[in-house]
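Try each task before you read its solution.

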Amino acid sequence: MSAEISCKQLLELISGYLDDALPGDVRSLVEAHLAGCDGCAMVLDEFRTTIALSGQLTEDELTPAQRETLLDAFRDWAGS
Amino acid sequence: MQAPLASAADLRLIERLRARDEAAFMELVERLTPSMRRVARMFVATDAVADEAVQEAWLGVLQGIDRFEGRSSLRTWIFRILVNIAKNRGQREARSVPFTTLAGEDLDAPTWEPDAFGASGHWSSLPFDWRGVPEERVTGNETLRVIGLAIAALPPMQAEVIRLRDVLGWSSEEVRNALDLTDTNQRVLLHRARAKVRDAVETHLRSVST
């Protein structure tokens, strides 16, 4: 990789960067780019916001029938 | 890469399961079954068969709990059992779904529309600025609803990776092991999913701010 990365390249590295999964030299390139690029810093923040908001979603709930089936299976197993 | 070991909380839960603690089992069932049903459904043809695979997996968990050595997190181990069962059932039904169907045909697509950049690959004009949108709009229930819909519209494996990672907060290693993905695939699926969800949020914020 050349000594600088473009905005287009940076955008592909965002999840790797947020997961701390980039090799050190690539991470340095990303950080150097972000320090000088408002557009990319903004998009990175938008990814962070989106991830934080996703964490507020709630999961589906089980139906009473599903719960009962699994509870029965447990009681069969525990009683055996 | 080494998978994370069972946590202290996992070990306590494992002890309770071994002691035939019904509340411990149901707590785990409530927490994991919704994702397990969706994961199973990727590999089998109907919701009914997916439910059977999930039940079989929970039985496998109970029958195997005494032998579980804690070399992965508890939930990763449970998902491995489930994925094996669901894949076997899918094969028995002669329903082998190609990885590209589950993962989406768009994995190689760029994160951003190419026409946003000049020849050098730098922004030709800056993207829409969310900071101009009132905070309560950005974080409001309507945005959460948009995110839920955007995740539901993703190809199944992208949807499940982003749910496990960003909705439920699993680590990348856990997700990779639970869904039997390579490290690269896990990251590419997650990035594609996040890019599309971010994009859906932006479309929504633009529409409410004009």
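Helices (H or I, at least four residues) and strands (E, at least two) are DSSP runs, numbered from the N terminus. This is a predicted model, in which local features need pLDDT of at least 70, side-chain atom pairs count only at pLDDT 80 or more, and totals for chains, interfaces and linings use all residues. Residues are numbered from 1 along each chain as its sequence is written, and chains are lettered from A in the order in which they are written.

**Exercise 1.** Find how many helices and strands chain B has.

*Solution.* Go along chain B and you will find 10 helices and 0 strands.

**Exercise 2.** Work out which element gives the largest share of the side of chain A that touches chain B.

*Solution.* Start with the contact (C-beta atoms, placed from the backbone, within 7 Å). It takes 36 residues from chain A and 41 residues from chain B. On the chain A side, helix 1 (7-12), helix 2 (14-18), helix 4 (38-54) and helix 5 (64-79) each give two or more residues. The largest share, 11 residues, comes from helix 4 of chain A.

**Exercise 3.** Decide how helix 4 of chain A is oriented to helix 10 of chain B.

*Solution.* First, take the angle between N-to-C directions of axes fitted to C-alpha atoms over the stretch in contact, on a scale from 0 to 180 degrees. Helix 4 of chain A and helix 10 (residues 183-209) of chain B pack at about 90°, their axes 10 Å apart. Therefore the two helices are roughly perpendicular (65 to 115 degrees). Finally, look at the residues that meet: among them are A:Phe47 and A:Ile51 from helix 4 of chain A, and B:Val197 and B:Val201 from helix 10 of chain B.

Technical notes
Contact = placed C-beta atoms within 7 Å. Parallel < 35°, antiparallel > 145°, perpendicular 65-115°, else oblique.
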